[in-house]
Amino acid sequence: MPTEIRAFFDRYRDAFNALDGEAVAQLYAVPSGIVSAQQYTHWPVFEPIAENMAALCKLYADHGFRSASYEPSAFIQQGEHCAVSDLSWVIERTEGQEPWRFNTTYNLLRTPEGWRVLLCTAYEERRLNA
């Protein structure tokens, strides 16, 4: 994984570690989307991205979030302006709760503001239980 992509994901992780949904949302392209086993959600404007990320940060906080960390699994450079990164995430939780572990693939787009998530594919995402 190139240094600039690693730096992007470090910012992404740091925004989650601050439970700052707005900061997470700022790292998404507009428009963008998310795919899970259940559905595809398209975000044509910024507001639903911010709402989704705020809700995700709240879910984490409500279930004992302590910290997020990731390890790159795969990376494909697709020219100068596109890339695909696959990450394995661990969400550490408080009070001896089992960590949450899941994988996510990100289609990235280089914008004038820097790299942004164009499409997030949440696969092998097990139901996040308390």
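Predicted model: local features only at pLDDT ≥ 70, side-chain atom pairs only at ≥ 80, totals over all residues.
Local features need pLDDT of at least 70, side-chain atom pairs count only at pLDDT 80 or more, and totals for chains, interfaces and linings use all residues. Residues are numbered from 1 along each chain as its sequence is written, and side-chain values use heavy atoms, with hydrogens and water left out.

**Exercise 1.** State the pattern that the protein follows along the sequence.

Solution. Start with the inventory: 3 helices and 6 strands. Both are DSSP runs numbered from the N terminus (helices H or I, at least four residues; strands E, at least two). Read them in sequence order: α-α-β-β-α-β-β-β-β.

**Exercise 2.** Give the strand order of the sheet and find its edges.

Solution. Two strands pair if DSSP finds at least two bridges between them. The order is β2-β1-β6-β5-β4-β3, in an open sheet with mixed pairing. β2 (40-43) and β3 (65-78) have a single partner strand each, so one side of each lacks a neighbour in the sheet. Now take one pair. β5 (residues 100-111) and β6 (residues 114-123) run antiparallel over 9 bridges. Thr111 faces Gly114 of β6.

**Exercise 3.** Work out which strands helices α1 and α3 lie across.

Solution. Angles run from 0 to 180 degrees between N-to-C directions; axes are lines fitted to C-alpha atoms, for helices over the stretch in contact. Contact means heavy atoms within 4.5 Å. Helix α1 (residues 3-17) lies across β1 (28-35), β3, β4 (82-93), β5 and β6, at about 155° to β3. Helix α3 (residues 46-62) lies across β1, β2, β3, β4 and β5, at about 55° to β1.
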